[in-house]
Amino acid sequence: MVEIDGFRMLVVDDFYRDPERLRDYLLKSPAPLWKTAPVGRNQLDYWDCRHEHKIFCDSYAQAQRCIAALARYYLGAVIPRPIEDLSTNVLQLQAARTGRSASVVHHDGNCLAALVCLNRPEECNGGTGFFRNRFNGVFNIGRLSRLEMKALDDWCDRNGLQEDGRSYFLENWTEWWDLEYLAEMRFNRLLVYPGAIFHAACFDGTPFTRVPRLNHMMFFNDVQFSRQVEWLRRDEDRE
């Protein structure tokens, strides 16, 4: 478990019993282009794609039950029901880049996010970075009032920092964001974190030109955090 600024995220190695089977299935399945814009760079500089499948099987529910148990114990979050969506992030570059690259830094709102890295050890580079912005020093939007959130959104708009589909990458990202923690890629590593934390993909120049960067993504939107969890625990204590 990693804690930054009072917010926790969970890192678990060797999560799936047979990650190669899931990896093989995803690499053989068509993944439509994702986050496209009329003047965007998708298909020109890289392929940014996403699987979005509906999965109805007990093994997927079992994996989610494990995530739910870990999230409740370590993160104080209750996932009341499983999801049926099997999603991915699939990125492949057409040419190598120089220096450390970061995708557009963003948050996923009031959800609990979980990803499993499906790149083999020799393919891994960088990982998922978690960031603090240089406007008001915020790491997690959960601490912002409505007016503070509007001011932050206006700052992002003025400086072209919004995730609008024009480019996967945020050039000169160090001008706007401080990298607080990098959860390194590792084959079959599970990462669970509140969606309200600012995050982005991070890696160094040359990888992912021959093999895509492949993460299995889960977004639990119907989740209860902190205060609700404490209330539920008090009810349990009375039983």
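Let's start with Arg 97: its charged end sits over the ring of Phe 169, 3.7 Å from the ring centre. Keep in mind as we go that this is a predicted model. There is another arrangement of this kind to look at, where Arg 50 lies over the face of Trp 34, at 3.8 Å from the ring centre.

A pair of aromatic rings is described by the distance of the centres and the angle of the planes. Searching the whole structure gives 13 aromatic pairs. One of them joins Tyr 73 and Tyr 74, with 4.8 Å from centre to centre and 80° between the planes, an edge-to-face pair. Tyr 73 is exposed, at a relative accessible area of 63%, while Tyr 74 is partly exposed, at 34%.

Trp 155 and Trp 177 also make an edge-to-face pair, with centres 6.2 Å apart and planes at 70°. This pair links distant parts of the chain: Trp 155 is in helix H3, residues 146–158, and Trp 177 is in strand S10, residues 177–184, which puts the partners 22 residues apart. Are these two tryptophans buried or exposed? Trp 155 has a relative accessible area of 7%, which means that it counts as buried. Trp 177 is buried too, with 2%.

Next, the inside of the protein. The largest nonpolar core has 29 residues, and the members touching the most others are Ile 67, Leu 112 and Met 218. Which element gives the largest share? That is H2, with 7 residues.

Zoom in on Ile 67. Leaving out neighbours within four places in sequence, Ile 67 is in contact with Phe 15, Ile 79, Ala 114, Leu 190, Val 192, Met 218 and Phe 220. There is also a second, separate core of 20 residues, and its members include Phe 131, Ile 141, Cys 156 and Trp 173.

Let's look at H2 itself. At 1.5 Å a residue, its 18 residues should span 26 Å, and the end C-alpha atoms are 25 Å apart, so the two values agree. The buried residues of H2 include Tyr 60, Gln 64, Ile 67 and Leu 75. What do the buried residues of H2 pack against? They pack against strands S2 (7–12), S5 (77–78), S6, S8, S11 and S13. After H2 comes Gly 76, which has a positive phi, near 65°.

Last topic: cysteines. How many disulfides are there? The count comes to 0. Take Cys 49 as an example: the closest cysteine sulfur, in Cys 117, is 17 Å from its own, so the two are too far apart for a bond. Cys 49 is also buried, at 10% relative accessibility. Then there is Cys 124, where the nearest cysteine sulfur is again that of Cys 117, 4.1 Å away. Cys 124 is in no disulfide either; the cut-off for the sulfur atoms is 2.5 Å.

Technical notes
Residues are numbered from 1 along each chain as its sequence is written. This is a predicted model: local features need pLDDT of at least 70, side-chain atom pairs count only at pLDDT 80 or more; totals for chains, interfaces and linings use all residues. Side-chain values use heavy atoms; hydrogens and water are left out. Rings of Phe, Tyr and Trp (its six-membered ring) pair if their centres lie within 6.5 Å; planes under 30 degrees apart count as stacked, over 60 as edge-to-face and the rest as tilted. Buried means under 20% relative accessible area, exposed over 50%, partly exposed in between (1.4 Å probe, protein chains only). Helices (H or I, at least four residues) and strands (E, at least two) are DSSP runs, numbered from the N terminus. A charge sits over a ring if NZ of Lys or CZ of Arg is within 6 Å of the ring centre and within 35 degrees of the ring normal. A nonpolar core is a set of buried Ala, Val, Leu, Ile, Met, Phe, Trp, Tyr and Cys residues joined through side-chain atoms within 4.5 Å. Contact means heavy atoms within 4.5 Å. The expected span of a helix is 1.5 Å times one less than its number of residues.
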